[in-house]
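Colleague: I would like to learn how to read aromatic contacts and the exposure of their side chains. Could you take me through it slowly, with the general idea before each case?

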Amino acid sequence: MKLVWKLLDNLENILCQLLLVTFVLLLFAQIMLRNLFHYSLPWGDELATYAFIWFAYLGAVYAAKKSAHNRVTFQFRFFPRWVETACGLLTDLIWIVFNLVFIWMSYDFVFNKMNAFWKSQTLGLPMKVFYVILPIAFVAMTLRILQNNYLRFIKHRELEDPDAEAIEEAKAAAVGGKEGD
């Protein structure tokens with residue numbers, strides 16, 4: 001099972017990097033071509049837009065993997081630890097239910113309601129190619145939420161706080177700045 005998660009981690013990482021590079025390079029090329037040669041790639045803006053959309057959805061999956069989605073947690077300092085745990089589980093459950101509804105709706109749209117003849121304007125590819133990210137991303141996000149809860153509550157592993165390193169660096173810089181005064 002570890003091999004499957006490792007493969008999924010690498011695939012997410014590589015796809016996010018590839019999509020980011022693709023849309024940045026395409027937009028840069030479009031700007032340069034327009035300003036220097038008064039020409040643009042007819043398909044460049046469309047492909048950059050779809051690459052950005054795929055990047056955003058896969059980035060949301062990556063954030064779910066890292067437990068980096070925004071959460072308001074300050075109020076839990078005033079309650080016992082079990083309240084924070086129970087509220088965290090409840091919000092994850094609500095998130096999973098939302099994802100399941102969205103998986104069903106997006107799957108239905110992409111594979112049942114979307115006309116097979118709908119093509120993208122300049123690329124000429126079926127629109128299903130671009131919209132299929134919706135069910136894929138929400139399935140992957142749901143799996144990541146379940147994985148994090150499994151690691152936290154079954155395996156009793158503390159998940160890494162994605163902001164912990166930056167917070168520690170800021171604290172060290174603040175302490176270092178005060179000592180230099």
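Modeller: Let us begin with exposure: a residue counts as buried under 20% relative accessible area, as exposed over 50%, and as partly exposed in between. Please keep in mind that this is a predicted model.

Colleague: How many aromatic pairs are there?

Modeller: Two rings pair if their centres lie within 6.5 Å, and planes under 30 degrees apart count as stacked, over 60 as edge-to-face and the rest as tilted. By this rule there are 9 aromatic pairs. In one of them, Tyr 107 and Phe 111, the ring centres are 4.7 Å apart and the planes stand at 40 degrees, so this pair is tilted.

Colleague: Where do Tyr 107 and Phe 111 lie in the chain, and what is the exposure of Phe 111?

Modeller: They both belong to helix H3, residues 81–113, where a spacing of 4 residues separates them by about one helical turn. Phe 111 has a relative accessible area of 38% and is therefore partly exposed, while Tyr 107, at 45%, also counts as partly exposed.

Colleague: Which kind of aromatic pair do Phe 109 and Tyr 131 form?

Modeller: Their pair is edge-to-face, with 5.6 Å from centre to centre and 70 degrees between the planes. Phe 109 is partly exposed at 30%, and Tyr 131 is partly exposed at 32%.

Colleague: Which residues form one aromatic cluster?

Modeller: Tyr 57, Phe 98, Phe 102 and Phe 138 form one such cluster.

Definitions and conventions
Residues numbered from 1 in each chain as written. Predicted model: local features only at pLDDT ≥ 70, side-chain atom pairs only at ≥ 80, totals over all residues. Heavy atoms only, no water. Phe/Tyr/Trp six-rings, centres within 6.5 Å; stacked < 30°, edge-to-face > 60°. Helix = DSSP H or I, 4+ residues; strand = E, 2+ residues; numbered from the N terminus. Buried < 20%, exposed > 50% of the residue type's maximum accessible area, 1.4 Å probe, protein only.
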